[in-house]
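Dear colleague,

Please find below the structure that I am handing over to you. My findings follow directly after it.

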Amino acid sequence: MQRKSLQMVDHVAAYRDRLMSAAEAVGLVASGAKVAMALGAGAPPAILQALAERARSGGGLHDVRLYYMLSTAVAARTVLAADLNDILRPVSIFHSGVERALDAERLKAQAPAVDFIPAAFQHVPRLLCEHVGVDTLIATVSPMDADGWFSLGTNADYAHAVTRSGAKLILEVNRHMPFVRGECLVHVSQVAALVEHDAPLLELPQAERTETDDRIGAIIAGLIDDGACLQMGIGALPDAVCERLAGHRHLGIHTEMMTSGLARLVASGVVDNSRKRMHAGKTIYTFALGDGFLYDFLRTSPDVEAHPVEYVNDPAVIARNDGVVSVNATVQIDLHGACNSEHIRGRQFSATGGQLDFVRGAYASKGGRSILACHSTAAGGKISRIVPVLEGPVTTPRTDTHIVVTEYGWADLKGKTLAERAHALIGLAHPDFREGLERDAVAAGVIGRR
């Protein structure tokens with residue numbers, strides 16, 4: 001008992017030694033630094049504000065690169081503000097609306113787009129630590145426990161690997177950040193600076209659902225069996241699927257992103273993780289972003305764990321559970337079955353993220369299914385999402401695409417010839433575009449004339 005008390009005193013003393021103001025903490029960021037910024041709710045608002053103020057003050061800071069995924073409004077109004085881009089240079093690995101807005105401004109000024117690194121999510125930790133060589137991490141963590149550990153809470157993802165890389169750790173301690181267990185802990189002895197700042201975690205507004213989303217959600221839910229292990233992407237379609245799963249039983253979760261919809265399935269008893277072969281009884285994720293219900297769920301649920309993305313998104317790990325069903329959205333599908341899920345109108349819209357990780361992992365799972373879904377049209381019905389040729393990069397190759405869903409039904413592309421794929425995908429297109437797609441397929445020699 002005496003030894004434990006002494007350890008506690010040592011941890012508290014170490015904490016106090018590292019505690020400082022946000023302005024003092026960002027003073028540790030050197031010119032030329034390569035800084036990893038936590039994604040989503042893990043981005044530390046007080047540190048970001050202080051870093052922006054330091055850059056704007058003319059204090060000699062220059063050539064700082066910020067590497068990150070999925071930035072938010074907090075970053076947009078601080079370190080990613082357009083007037084600071086020459087000092088704090090954004091390097092995105094997954095675009096959000098923030099980068100799309102910056103790109104739009106730059107396009108008007110005939111300036112280059114925001115720097116972007118293509119990468120599968122599972123490879124981002126290695127990319128940052130080995131290829132880029134980031135030297136600093138800024139992130140939000142939970143309050144410290146009695147043994148001197150902080151939890152990365154909502155954001156194990158790539159942040160965990162950076163904490164083990166020897167990088168300088170500048171952390172914002174926020175009582176609203178849940179202390180989640182798993183491989184997502186950071187010890188006080190590893191930290192260079194601590195900033196206390198209690199602010200509500202960023203909440204992701206629920207995506208506005210349409211009748212089309214609900215129709216697609218119902219189709220996908222019908223493809224999911226009791227006992228399946230789920231991965232859900234972000235947006236209205238996965239939300240619609242979760243709502244339609246209310247009557248299912250014994251589902252499991254091994255997902256890149258933990259969402260409010262998935263948390264509600266656990267809370268309602270639909271998910272119990274009882275059929276999982278890996279982490280039986282546990283909900284596994286690598287990052288979480290949602291509403292207050294989700295964050296309360298993470299705070300109070302002992303059977304939830306956060307793990308690094310190089311583990312969670314490894315297809316070999318994913319496949320160790322049976323019956324994995326991955327559900328992700330795409331923006332374009334060509335008549336061979338290749339999918340572009342990240343590029344719109346000639347500009348980067350999002351990124352590869354973990355889509356291909358889970359497409360491959362789910363299909364490798366015994367009895368698993370990878371589902372890629374989209375509305376049949378975009379731009380108010382003026383543009384078909386089923387197209388003869390993709391207008392952007394291939395996010396999921398035709399060799400990997402398994403099940404495709406639109407509001408007009410679903411098609412399993414595995415085992416189908418190019419002609420059979422084309423016919424199946426034309427059948428999923430909006431009726432207004434089917435005749436034109438058939439002409440294109442005939443002209444390309446994919447199918448014959450009727």
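Strand 13, residues 283-288, is mostly covered, as six of its six residues are buried (buried means under 20% relative accessible area with a 1.4 Å probe, protein chains only). Strands here are DSSP runs of E with at least two residues, and helices are runs of H or I with at least four, numbered from the N terminus. Strand 12, residues 252-258, pairs with strand 13 in the parallel sense over four bridges; pairing requires that DSSP finds at least two bridges between two strands. Within strand 13, Tyr-285 is the bridge partner of Thr-255.

This is a predicted model, in which local features need pLDDT of at least 70, side-chain atom pairs count only at pLDDT 80 or more, and totals for chains, interfaces and linings use all residues. Residues are numbered from 1 along each chain as its sequence is written, and side-chain values use heavy atoms, leaving out hydrogens and water.

The protein contains 16 helices and 25 strands. Its radius of gyration is 23 Å, close to the 22 Å that the globule rule gives for 450 residues, so the protein is as compact as a globular protein of that length (the radius is taken over C-alpha atoms, and the rule is 2.2 Å times the number of residues to the power 0.38). Of the 450 residues, 56% are buried.

Two charges sit over rings, which requires NZ of Lys or CZ of Arg within 6 Å of the ring centre and within 35 degrees of the ring normal. Arg-264 lies over the face of Phe-293, at 4.3 Å from the ring centre, and Lys-414 lies over that of Tyr-363, at 4.2 Å.

Yours sincerely

Methods. Buried < 20%, exposed > 50% of the residue type's maximum accessible area, 1.4 Å probe, protein only.
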